[in-house]
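Look over the sequence and the structure before reading on.

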Amino acid sequence: MTIGQFGGRVSRRSVLEGIGVGALGLAGAALLGCGGTKSGGDAGTSAGGGLGANQPKGTGLPLTAPVVQGKEKAGGTFTEHTTSSYTQHDPHTALATNIWHVIGDKGLEPDPQTAAIRPHVLTSWEVSDPTTLVFKVKPGIKIHNMAPWNGREFTAEDVAWNLERIGGLYADKLKTPLASFQRASMVANIAKAQAVDPTTVKVTLSKPNSSFFNGLMDTRVPFAPKEMDDIGWNDPLKMGGIGPFQISEWVKDQKMNYKKSSTYFRPNEPHFDAFNWSIIPDRASAVAAFISGQTNMISAVNQLEIDQIKKSKPDANLYAWVDSNWHHFRPSTEYGPFKDLRVRKAIQLGIDYAQIMDGFFGAGWGYQAALSPGYPEGWKPEKVKSLAGYNPDTKAADRAEAQKMLAAAGFPNGKGIDFQIIFQNTSGTAYPENTQRFQAQMGSVFPEMKITLKPYADNASFSVPQAKGEFQMVSYVITASPDSVIEMQSQYYTGGSRNYGHFSDKNLDAMVDKAQVELKTDARNAIMEDFQNKFINDWVPMYVLGAQPARVMTQGNVGGFDTTAGLWYGYSATTKACRWFFVDK
Amino acid sequence: MAKYVLRRLIGMIPTWLIIMFMVVFMVRLIPGSIVDLLLQDQGGGGSYQAGIDRAQVEHRLGLDQPVYVQYVKYVAGVAQGNLGASLWDQQSVVSLIAQRVPVTAQVALVAIVTSVFVSIPIGVISAVRRDSPVDYLLRSISILGISVPGFAIGTAIVIFPTLWWGVTVSFKYVSFADDPIGHLKLIIPPAMVLGVQLSASVARLTRTMMLEVLQEDYIRTARAKGLQEPKIVVKHALKNALIPVVTVLGIQITNLLGGSVITETIFALPGLGRLMVSSIGSRDYPVVQGIVVMTAIFVMCMNLAVDVSYGYLDPRARPA
């Protein structure tokens, strides 16, 4: 049962039944809605809108995405900056952004605003049974025109190789620890992938996996040619992919430059002739580089920087949306008082979320409870804002209730609760301010609660106690994974890869197990709804402060950015740059 | 002289071994480990189950051996010219350092040349015009140069032209061979930042030493002989006043390496300072060790060069 075709064909039956699945439900919606996507979304024209048009889109989250007017100008060099060169070049074991996010491409991609799955390298799929998936690979995709590929076709054999490698099935052969395959959970339960013909891949799962399709749109699992293990993963200049840009220059800590791939499979893309990255480690210098026109885009700008830039470059465009990164305080359930749900719940009711998030980010952030509002099944900010604990209008009453709850747990006014919060004390991050505001709030609500703060100088020193769970509470930020069940599993499942607080509840574990194999959309959504309710009422394993705002500025002559802006922007990887273009104004 | 130099070189070996011992131990005392970074997730968190694989990763990186074993192996490697390889991308540390040294050296060289040509005349003029308005002005400038930190000057150079005129220094590195003018445009601003601070302290020292020398009997004698004042100042006074200045310059050159950490970050120059910062951040022990060891060797050699130069500047200081 084919459910989607790149290029406009639509499914012939309800998309999700049989394979279906929660976020995959989005797949259906996406396919039905966009017919397999137009090339470049709406990027081909730059009419209408005008600068500064605010358009609530997608999930209803606030999104500022001005449409740049002007005539599209083909070619040109687009320059971005980053603080350091990529250091790891094997996309399936890399821990961070890497070259393949530019020269590679993914099986599927999310709509940046709705997270709906769009066909990409994989154009359609069939589900023979819950453990057998058959994918169609877009024919005619070419690997970059460089040795040893010289523009050969990227086929089902390459896709099969990638899926098995991502899943860690080659760990023994490559003498690499299985755990090094960081994104194996994105294709969890994969037992085998084989090419049936040059455009067909058959995937066999050991058991059903409702997250499989969402996993394939994770930006961190790009496809590479199957020869790469033989070529080696050390020299970026020897790497060729199927992405819109091909490596042209690579000098560590200086530049990472790419040229347009003339054989990219999306018609008329990319628009730029070259896509260059300058390495600028200092933030003030990066802002200066943007203002002086040396770079075309700058990310993560704060209000002060926006004001500075706007003053110097009035025509610069500001794009803003609620992001997939969420800030939190995570208690360790190994610390005595935090074992008691009443204590965890009292703190949840006592936190003034708006004061903390407004304090650092100002406007633009979104309320969040258990799940990112970007998931279709995730509660939206307006709903979360109306709940006890989060609702600013009922804060006084919630805090009174929190005090009673803590007294009932044997800690009147917080007496007897004495814990330390660890965090990264690095410049420009929210953690120090978040932590100080939390400490002050708890001091006013529970006067006898003792909280000490333990800052760490950098990420390297901080990550050790966090990873080992050697803390009583930790302040940090998480980037939502592309699927709500993967998120639930990694964050809260007993032994979950990011369950640093060692939370454990057999009912939650059972819920995760059930959701993983539940292939019916409605049933899966019901599980996730139940999870979100129990998260704030029965478990409280985490204090999610909110989803941070994302703010990106582009030069006034950059068009097409509006088609890639949105909560799932980061999951479009750098390949999204192929949809941007310069305009004559 | 050759024996003296040889003796000093042999004397450096124990110092060098102690430095290597300290650096090998100390980089491992920095909180946080490369293993945890390697096991870390993209979002920034470590793996909860990392303990399972830590041992394998440590073994692969050779970090599972006792530190003294790592030290002995390191010393043996260094003795053969092998500083190891980056734990992240397996690039040879020697080649990494070799790529970065020219940038740092060029910035330092321009800073020193600038400093010498600016600070020594300032110091001399200030001394000759002692307590005049010119002296006060030059001394005030010197104090300002010493007082304002390099990062503030650097940031000001980058930010203010941007805000006022919408232009700033280029952050796109080009080599001298590719574009000599463009390269100099990149090198000069950070060199000026380093040069300002170096000039300020050297100018003040030059002034002090010149004042002292100008009081000496042989200067009075020279004047009594009817020599022209410029000749007295330049030929007789300055040459003797420069002896401690050379010492300070020698020490300051090594300080420039420390200053390069900040200037190279602000001006996005791919030099040794940037390599050091990024390697500490990524806990790339061999690279950090390599830079420290090479810097230590450079500092020891600079000290030797300064000592040897005494002999030429002042025959009384020549070794017997």
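Domain bounds come from an automatic or database domain assignment. This is a predicted model, in which local features need pLDDT of at least 70 and side-chain atom pairs pLDDT 80 or more, while totals for chains, interfaces and linings use all residues. Residues are numbered from 1 along each chain as its sequence is written, chains are lettered from A and ligands numbered from 1 in the order in which they are written, and side-chain values use heavy atoms, without hydrogens and water.

Q: How far apart are the centres of domain 1 and domain 2 of chain B?
A: Chain B is divided into domain 1 (15-79) and domain 2 (94-272). Taken over C-alpha atoms, their centres are separated by 39 Å.

Q: How many salt bridges does the structure hold over all chains?
A: A salt bridge is a side-chain nitrogen of Lys or Arg within 4 Å of a carboxyl oxygen of Asp or Glu. A:Asp340 and A:Arg342 meet in one, at 2.9 Å from N to O. Over all chains, the number is 30.

Q: Are A:Asp458 and B:Arg283 buried or exposed?
A: Their side chains meet in a salt bridge of 2.8 Å, N to O. A:Asp458 lies in the loop between strand 16 (450-456) and helix 13 (459-468) of chain A, and B:Arg283 in the loop between helix 11 (272-281) and helix 12 (285-313) of chain B, so the pair joins two chains. Helices (H or I, at least four residues) and strands (E, at least two) are DSSP runs, numbered from the N terminus. By relative accessible area (under 20% buried, over 50% exposed, partly exposed in between; 1.4 Å probe, protein chains only), both A:Asp458 and B:Arg283 are buried.

Q: Which residue forms a salt bridge with B:Asp307?
A: B:Asp307 is in helix 12 of chain B, and its partner is 299 residues apart from it, in helix 1 (residues 2-29) of chain B. B:Asp307 is partly exposed at 26% relative accessibility. The closest N and O atoms are 2.5 Å apart, and the partner is B:Arg8.

Q: Is helix 1 of chain B roughly parallel or roughly antiparallel to helix 12 of chain B?
A: Their axes, lines fitted to C-alpha atoms over the stretch in contact, come within 10 Å and cross at roughly 155 degrees. Angles run from 0 to 180 degrees between N-to-C directions; under 35 degrees counts as roughly parallel, over 145 as roughly antiparallel, 65 to 115 as roughly perpendicular and the rest as oblique. Helix 1 of chain B is therefore, relative to helix 12 of chain B, roughly antiparallel.
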